[in-house]
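Here is a quick tour of the structure shown below. Have a look at it first, and then we'll walk through a few spots together.

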Amino acid sequence: MTLDYALRRIAFFFVVVWITVTAMFFLVHLAPGDPITDQVTRMQASGQALSAGPELIEEYRRQFGLDKPLLEQYVDYVKELAQGNLGYSVTNFPTRVTTLIGDALPWTLGLLATAMVLSWVVGSLLGGLMAWRSTPAFARGLMSSVMLFAAIPYYLVALLLLYVFAYELQILPTGGARDPLGTSGGPFAAVLDTFEHALLPGLSIVLAFTGFFMLGMRSMMVSVLGSDHLLLAEAKGLPERRIFLRYAMRTAILPQVTTLAIYMGYVVSGSILVEVLFSYPGLGKVLVSAVDARDYPVIQGVVLMMVVTTAGALLILDLLYPLIDPRIRYGRD
Amino acid sequence: MIGAAVLLIVLVVVIVSVAGGGGDDDTSTTRAASGGGTATSSDSGREAGRAETLVLGQYRAPTGKIGNPYVQASDALVSDGLHELVYEALFYVNYQTGRTEPWLATGYEYSDDNRTVTLRLRDDVRWADGTPFSSRDVVYTMEQILKARAPFRAANIQGAVRSIRALSPTEVQIDLRAPNPRFVDSELSSYVYTANFIPLPEHVFRGEDFETFAFYDLARGLPMGTGPYRLTEVTASAATLQRDDDWWAARAGFSELPAPRRVVYTSPGPEDSAVAGLESSQLDYAGQSVPSVAGFIAARERNPKLVNWDGDLGWLDPCPFALTINTTRRPWDDAELRWALNASLDKEQFSRLFNTPGEPTAARTTFPEYPQLSALIDENEDLLATYPTLDHDLERAAQIFESKGYRRENGVWTKDGEPLSLALNLFSPAALGPVWGDAAQLLNQQLREAGIAVDLQPGDFNTVAATRADGRFDAQSWFECGSVTDPWATLNRYTHAPGNDNAGRWRNAEYDRLVAQMGELTPGDPRIGELYAQAMEIWLRELPVIPLNQRPTPIVMNQTYWENWPTADNGYTQPAPFGMNFHQVITRLQPAGDGQ
């Protein structure tokens, strides 16, 4: 990989981020309503005859720069963004957008990234074993049943798990990230409590995505199985486990890594439904609240996070490919 | 590979748990330092158990951590217990008794011309840090409101008050710009959901920018109020308040200490989760996440300790649902056609959507039917006999349409080749719950049966609000908040006074005159009844807004741990835990034997 390629790839990353951020800025501002009217109307809806309502709206619009022409607002936004300033939340003023995102991000990453990695590992392993010729037939049948979940959207799996384990059996919490009454028993109890609360939302993602990764890995393994290098390994008398892991899996896993990178990018955006269903305090909930109230800076901030994580994951993958697969070389003959 | 994955998971869980989703203040968990003020809880060192804890499922994250009620981001309905349990109002309006009950104040007097109010304050109130509360705090807060560029919920106060001065540590005099005998009720009291005037501690605010000071630093004991609880911890999914055992009202013998030592506001999740929380008694109250009577009944089957306000029927929210008609858009600028529209709607059927299988709660008028207002409507029953708002009468509607030159073609009333259409802007299910999906279908079906071509335009709250502000609708679903004891506030909604939520742009000079005249009378004045009858005669004849449904809101209260919740049979005050009046409920709750 040449430096020239890396620089071009990094520049492309910034262009993608800029285009998406620009599109998002104009889209959210063109939607009907605005955060200030929303807040004042909510107040009026609760019985307030606001004699100074229009003046109040104008004053707040001025304070948040919403009275300026849209293009001017955009230029201000980009200038601030270039300095790493995402601004203030309108509906939570004077809280900064970075604070709201910072509060929520660890929960989203902790839950979704873990669940995604776990489903990738398990899915890839099971997918490989399903295609491997010496896997017993009954085991293949058993593994196939996991693939059923690949056909069900993860939020439906989540509803099913909620119904069984939280509503009917009542052995796991229905939502939240921690017991609101707190835990006694020290740090271990707190860890256990957090794990319990993450179990159902995590499991819904793991079940849905394991089947998905299994399918991909199985296909790749089937195409790898007849390869010469496997025949050679067998001819050399290498142990089967080693052939499976080091020769077959290693060769077949490259597209899986790409898929994982793409899906890791979606981790932030893909959390919305699960977080809403389980009242999980992550970025998805922040985004839903912000959209509901037209909190422009927060919407833009969360979307920026999504774009950066998705495009960033692909960038990192592009740069790491030559290290994973020596056959790949950028910028060289 | 699997071992590495398990290790990764354990590591992430440990990190997230220990960090609590972040760090301090700038992140998700904020905890008060012990002894944040001088008046600490006598047994604060002991953690309250479940039986001593009240768990309210109405927390809505993310919270911006705003304690200053005059900052525009402070939303009384984003509940972390501040306006219910930490702050206190000068007065609380009790919808059940119709009385304005003094709390931080002992009373008030109006001048003869209703332009001056003299407030008398209690002399034994203390802030949570032990500093005495006095007229200095009231005057400071009011003066800051008057100076502010945009004091949010106190904008009306800014417009109404000319000046304020302290007469003594326990007396203040407020000069109003115009006669306003309802100023104390509507502006200084907990009225609808919250109070517009919440006194703030002058000694804390001194030197801060009133308009931007967040007033939120748990380590410094902020937000600080005079109430019986202190906010001690805020996490991403819950807010915890601890009882202040040195609360001034208990020390003064004015009130008992509330029985719950700890109050936790937590997120109940979607309705199914809230129902499960009530069934298992993890929740004592599920907030507005149980929007259906069916949800309440399902939960009660598993937990007989659950009660609602009135049997299966929820408490009537102060803001009934109605259809605002844009009276400036043809052909709905014609009052007779508005009556035809009214006759086309089966409101009883509509109301059953909201409280199946309870009694129908169709709205006769746009007043919430609390005792005082119901009595007034009943006293003027003859008006409703002349103007039967509840009658679903398609023949009558057809007569009106025909009299206006409409002919029915292919099921739709048509005039000059143009079908009779109605742009109906409604709350979407995303805005106010799934019932609004059914409501849209039902209204569409009823109006089409009546021969009106409906153009349904559902929207989230923000879209509906924007459409309302611009008047881009023929009819729009909305909440008619206003009166709770005295009829003036609801009647005033439909006058042309500036700032009114008169989105239908209806104008009637005689009506405006009558309501203005009523506005100058003290609530309870016998002349109000007569003016009400005259104004309502005009309003009903013109029907600028079509009443739809009283708004029974399930207030599901769990008696497993706590008893003496307000119910229709024990209606000492309104029950809504999201309202500031919950302060008056928590001081009356008693521990239940079973839950101990």
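Where does Pro331(B) lie in chain B? Pro331(B) sits in the loop between β16 (321-325) and α10 (335-344) of chain B. Helices (H or I, at least four residues) and strands (E, at least two) are DSSP runs, numbered from the N terminus.

## Before we go on

This is a predicted model, where local features need pLDDT of at least 70, side-chain atom pairs count only at pLDDT 80 or more, and totals for chains, interfaces and linings use all residues. Residues are numbered from 1 along each chain as its sequence is written, while chains are lettered from A and ligands numbered from 1 in the order in which they are written.

## Cis peptide bonds in chain B

Back to that proline: the peptide bond from Arg330(B) to Pro331(B) is cis, and its omega is near 0 degrees.

Leu222(B) and Pro223(B) are also joined by a cis peptide bond, with omega about 0 degrees. To find Pro223(B), look in the loop between α6 (202-205) and β11 (229-234) of chain B.

## Positive phi without glycine

The loop between α6 and β11 of chain B also holds Phe215(B). Phe215(B) isn't a glycine, yet its phi is positive, at about 60 degrees. Is Phe215(B) buried or exposed? Phe215(B) counts as buried because it has 23 C-beta neighbours inside 10 Å. (Buried takes 20 or more other C-beta atoms within 10 Å of a residue's own, exposed takes 12 or fewer, and partly exposed is in between; C-beta atoms are placed from the backbone.)

Ser281(B) is not a glycine either, and has a positive phi of about 60 degrees. You'll find Ser281(B) in the loop between α8 (271-279) and α9 (293-302) of chain B. Ser281(B) has 18 C-beta neighbours inside 10 Å, so it counts as partly exposed.

## Two domains in chain A

Over in chain A, the domain assignment gives domain 1 (3-82) and domain 2 (103-332); such bounds come from an automatic or database domain assignment. Taken over C-alpha atoms, the centres of domain 1 and domain 2 of chain A are 33 Å apart. Their contact takes 19 residues from domain 1 of chain A and 17 residues from domain 2 of chain A, where contact means C-beta atoms, placed from the backbone, within 7 Å.

What builds the side of domain 1 of chain A that touches domain 2 of chain A? Both α1 (3-30) and α2 (35-45) of chain A supply at least two residues each. The largest share of that side, 14 residues, comes from α1(A).

Conventions:
Two residues are in contact if their C-beta atoms, placed from the backbone, lie within 7 Å.
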